[in-house]
Amino acid sequence: MTTTPMTTAAANGGPAARQQAPLLSVRNVVQEFETRRAGGIKGGIVHAVSNVSFDVLPGETVGVVGETGSGKSTLARSVIQAPPPKSGQVIFEGVDLCTLKGSKLKQARRQMQMVYQDPFGSLNPRWRIEDLVAEPMLGYRIGGGRESRDKRISELLDLVGLDPSIYRRRRPIELSGGQCQRVAIARAIALNPALIICDEAVSSLDVLIQAQVLNLFEKLRRELNLSYLFIAHDLSLVKQVSDRVAVMHLGQLAEIGPVESLYARPLHPYTAALLNSVPGFDPQTGQARKPVPLKGEPPSPLDPPSGCRFRTRCPRAQETCALVEPRLRERSPGHEVACHFPLDEPAPGSGEAPAAAAAVLSGEPASVPGADADRAAKPDGQPPTLTRTAP
Ligand SMILES: Nc1ncnc2c1ncn2[C@@H]1O[C@H](COP(=O)(O)OP(=O)(O)OP(=O)(O)O)[C@@H](O)[C@H]1O
Ligand code: SF4
Ligand SMILES: [Mg+2]
């Protein structure tokens, strides 16, 4: 079974895409959690999402990738205000959701629905499928009286490929994982949303069922003009479904760009390393090759490195990387990277870009000048001050 790419011609970072008003604008979103040790003693602040900004256009699918703990789910939850971010804006259809409360927020959130990884866990096992699909409509008092709601339930089940005459009266335990995920999708679209946020929505399904569910997402995108924020570990899945891809590293956006250019010409050493960790895919040659795992543990989000958060694992890191936090900058239309020495530039010191790319491909971490001394980064390109902090 093959899947149809969930892509739109206009939404690939080209001029047409740029003229469209975004459906969703995430601006400088920060989400942090205070941790407590035993006895309620303060344990520190988890910097789960730090100053993240991006747009989703109408009808566009934006993929989000990154290692475990990079902040993908926290970002998704911040978008739906569950909980609201500590700072920043989430502008949906022109309204900043962070300024809304109570019924106004509930009404605005109706337009954005989540589909989660665990199809069984997201459905009440005691309820019948028809009641599960009716629940969001009842919660928002839409769908009319009983008769029209019943008709809508059948339409929704039809739309997600479940024969209502067979499945309406069943319970989740009588369905397969893929069928349960279809019910979860029917619930999500029951409220006529404009945006669906899929958080690892197909990760627990086997490959054939994954393909079916992805094709269903694509069909719904076409028929209902939906936009998607598609979060997944699986880089090849994200490549299949996305118009643009955002790469998250330790709570920040490392890179964002049109899917073809990001996969063929990654600009951030972290993106290149992620792509190289996928078996059988070499972004440089397109040839099959052995995966090169990304070496080293990600730093703790409780105490992220100064400057660039990837510097402790980056083969291209220089002293500047410990001193100044890189900001996203555009390198080609719609393709932005947060790196002082992106891969489309000669490697620092060598004058040769291919050598730098080879270092990244080898997965060998280079020695990082200044990595042993924690140095304070100065924002906005101010001359840095070196300050050695206590370990
Ligand atoms: N409620 C919370 N309290 C404290 N820390 C949290 C909370 N929620 C998330 N975190 C932390 O925030 C960071 C980002 O977590 P998040 O779940 O967003 O990562 P993720 O990219 O979705 O990971 P995965 O790919 O494993 O799903 C992690 O370090 C996580 O432990
Ligand atoms: S070169 Fe520097 S800024 Fe770029 S990813 Fe490596 S450490 Fe970060
Ligand atoms: Mg997650």
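Predicted model: local features only at pLDDT ≥ 70, side-chain atom pairs only at ≥ 80, totals over all residues.
Local features were taken only at pLDDT of at least 70 and side-chain atom pairs only at pLDDT 80 or more, whereas totals for chains, interfaces and linings use all residues. Residues are numbered from 1 along each chain as its sequence is written, and chains are lettered from A and ligands numbered from 1 in the order in which they are written.

The protein chain contains 13 helices and 12 strands, where helices (H or I, at least four residues) and strands (E, at least two) are DSSP runs numbered from the N terminus. Of its 391 residues, 43% are buried; a residue is buried if 20 or more other C-beta atoms, placed from the backbone, lie within 10 Å of its own. Among contacts with a separation of 6 or more, 65% are between residues 24 or more positions apart, a contact being a pair of C-beta atoms, placed from the backbone, within 7 Å.

One open sheet consists of 4 strands in the order β2-β1-β4-β5, with antiparallel pairing; strands pair if DSSP finds at least two bridges between them. Its edge strands are β2 (42-56) and β5 (95-96), each of which pairs on one side only. Strands β1 and β2 are antiparallel and joined by 10 bridges, with E32 the bridge partner of H47 in β2. The two strands form a hairpin with 5 residues between them, and G39 in the turn has a positive phi of about 85°. Helix α2 (residues 72-79) lies across β1 (24-36), β2 and β4, at about 70° to β2; axes are lines fitted to C-alpha atoms, for helices over the stretch in contact, and angles run from 0 to 180 degrees between N-to-C directions.

A shell of 14 residues surrounds ligand 1, the closest being F33, A48, T68, S73 and T74; shell residues have a C-beta atom, placed from the backbone, within 6 Å of the ligand. The elements giving two or more residues to this shell are β1, β2 and α2, and α2 gives the most, with 3 residues. By class, the shell around ligand 1 holds 4 nonpolar, 9 polar and 1 charged residues. Here Ala, Val, Leu, Ile, Met, Phe, Trp, Tyr, Cys and Pro count as nonpolar, Asp, Glu, Lys and Arg as charged, and the others, Gly among them, as polar.

A further open sheet has 8 strands in the order β6-β7-β8-β3-β9-β10-β12-β11, with mixed pairing. Its edge strands, β6 (112-115) and β11 (329-332), each pair on one side only, and the twist averages 20° from one strand to the next. Strand β6 runs parallel to β7 (residues 195-199), to which 4 bridges join it; I196 in β7 is the bridge partner of Q113.

The largest nonpolar core has 90 residues, and those with the most contacts inside it are V64, V133, A186, I197, L229, F230 and A246. Such a core is a set of buried Ala, Val, Leu, Ile, Met, Phe, Trp, Tyr and Cys residues joined through C-beta atoms within 7 Å. Helix α7 (residues 177-189) provides the largest share of this core, 7 residues. Beyond its neighbours within four places in sequence, F230 is in contact with T61, V62, G63, V64, C198, V238, V241 and S242.

Ligand 2 is surrounded by 13 residues, of which C308, R311, C314, C321 and C339 are the closest. The shell around ligand 2 divides into 9 nonpolar, 2 polar and 2 charged residues.

Conventions
Contact = placed C-beta atoms within 7 Å. Buried ≥ 20, exposed ≤ 12 C-beta atoms within 10 Å, placed from the backbone.
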